[in-house]
Amino acid sequence: MAPLPLCVIGAGSIGQRHIEVAGLSDRIRLTAVIEPHAPLREKLAQQGLPMVASIDEVPADTRAAVIATPTQDHHASAMACLSRGWAVIVEKPTGATLDEAREIVAQAETKGLPLFTGHHRRCHPFSIAARDALADIGDLVGVQGLWSLRKHDTYYDVDWRRAPGAGPLLTNLTHEIDLLRFFVGEMTEASALLSSARRGFVIEDTASIAFRFANGALGSFLISDAGASPWSFEAASYENPAIAGSGEDYVRLVGSAGALAFPSLTRWGRSAPGEIEWSKPLGRTDGQSFDRIDPLLAQIDRFAAVVAGARDDVLCTGTDGIKAMEMTLAAALSGHQGHPVKAGEVPGDYKGV
């Protein structure tokens, strides 16, 4: 398979990670990096990267793009890429609003082009294995998650990080919602409580959310950037070198025939014949161990394969990205209005504030 000629739009911190994995992948040929900010563009050009200032300067043989610009630009950049016939990965969220995201997805469908949202956690082998392992614990009853990492005080020295919309609910929860949807399926309702008691900002520092899934299962999730704990995806997976690892599970999934801890994939289930019930101890099975990978590299490799004609049931489609975004916004709306919010009740122009 010939390498996919691809450009990266935006050379900020996440954009540079996409540039890095594009260079590491033998399935990608990086044609250009679009960065309008001249000083950064010149700095990266001195490192040998093919820098340009606008999409109009991208080489004509380009067939795909990764959009890693600020959220407010996702719609404009995605529509420009799709109009050129390019396949696209757009960083989450897909758009600044549901209306924008839906327009992007509709354009991709009209053009018959692959469009994915950059929820890369799906690409870890232990995430895929967790989805597959749910069949071993019977009918799903419920899910419990806890993400609590104390961000350093100077993190909030930047004004926009204290502004409405910048709390952990909208910044961090969308990752967890997409992963839960990847494991369990559709969410239909969210109910949230918000607190800013620890940091005292306008934005929340802690949120407690209840979810209802279409299959009848219920879920709860506590998320905070004020509480110090070993429980989070980043600490459990060692994915982010800037965040201390712990190896501790942070999600538990409970079924009628057993339970599963994530990401260790420790499973509890039948230990004796007959009905599984509380008088009988559950048997424990340790989870399979996996080599650590770079999930962004796995994501871009899968993307290249899809553009070449392969089928993929792991990458987050544009439609899946919208659904994760919608339930994140439903949780925000619930927290602000004080009542449960169902899928379909979030206004198309709502931004979570």
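Q: Where does Pro263 sit?
A: In this predicted model, Pro263 is in the loop between β12 and β13 (267-269).

Q: And what kind of peptide bond joins Phe262 and Pro263?
A: A cis one, with omega at about 15 degrees.

Q: Where's the other one, the bond from Lys92 to Pro93, and what's its omega?
A: The Lys92 to Pro93 bond is also cis, with omega near -5 degrees. Pro93 belongs to the loop between β5 (87-90) and α4 (98-111).

Q: Is Leu265 buried or exposed?
A: Buried: its relative accessible area is 9%, and the cut-off for buried is under 20%.

Q: What about Tyr238, what's phi there?
A: Near 60 degrees, again positive in a residue other than glycine. Tyr238 is in the loop between α8 (233-237) and β11. With 37% relative accessibility, Tyr238 counts as partly exposed.

Q: Which residue lies over the Tyr238 ring?
A: Arg292 lies over the face, 4.3 Å from the ring centre. Arg161 does likewise with Tyr155, at 4.0 Å from the ring centre.

Q: Switching to rings in general, how many aromatic pairs are there?
A: The structure has 11 aromatic pairs. One of them is Phe182 with Phe183, a tilted pair with 6.2 Å centre to centre and 45 degrees between the planes. Phe182 and Phe183 are both buried.

Q: Which residues do ring pairs link into a cluster?
A: Phe126, Phe182, Phe183, Phe221, Phe233, Tyr250 and Phe262.

Q: OK, sheet time. What's the strand order?
A: The sheet is open, with 9 strands in the order β14-β13-β12-β11-β7-β10-β9-β8-β15 and mixed pairing. At the edges are β14 (283-285) and β15 (341-342), each pairing on one side only.

Q: How many bridges join β11 to β12?
A: There are 5, between residues 251-255 of β11 and residues 258-262 of β12, and the two strands run antiparallel.

Q: What stands opposite Val254?
A: Ala259 in β12.

How values were computed: Residues are numbered from 1 along each chain as its sequence is written. This is a predicted model: local features need pLDDT of at least 70, side-chain atom pairs count only at pLDDT 80 or more; totals for chains, interfaces and linings use all residues. Side-chain values use heavy atoms; hydrogens and water are left out. Rings of Phe, Tyr and Trp (its six-membered ring) pair if their centres lie within 6.5 Å; planes under 30 degrees apart count as stacked, over 60 as edge-to-face and the rest as tilted. Buried means under 20% relative accessible area, exposed over 50%, partly exposed in between (1.4 Å probe, protein chains only). A charge sits over a ring if NZ of Lys or CZ of Arg is within 6 Å of the ring centre and within 35 degrees of the ring normal. Two strands pair if DSSP finds at least two bridges between them. Helices (H or I, at least four residues) and strands (E, at least two) are DSSP runs, numbered from the N terminus.
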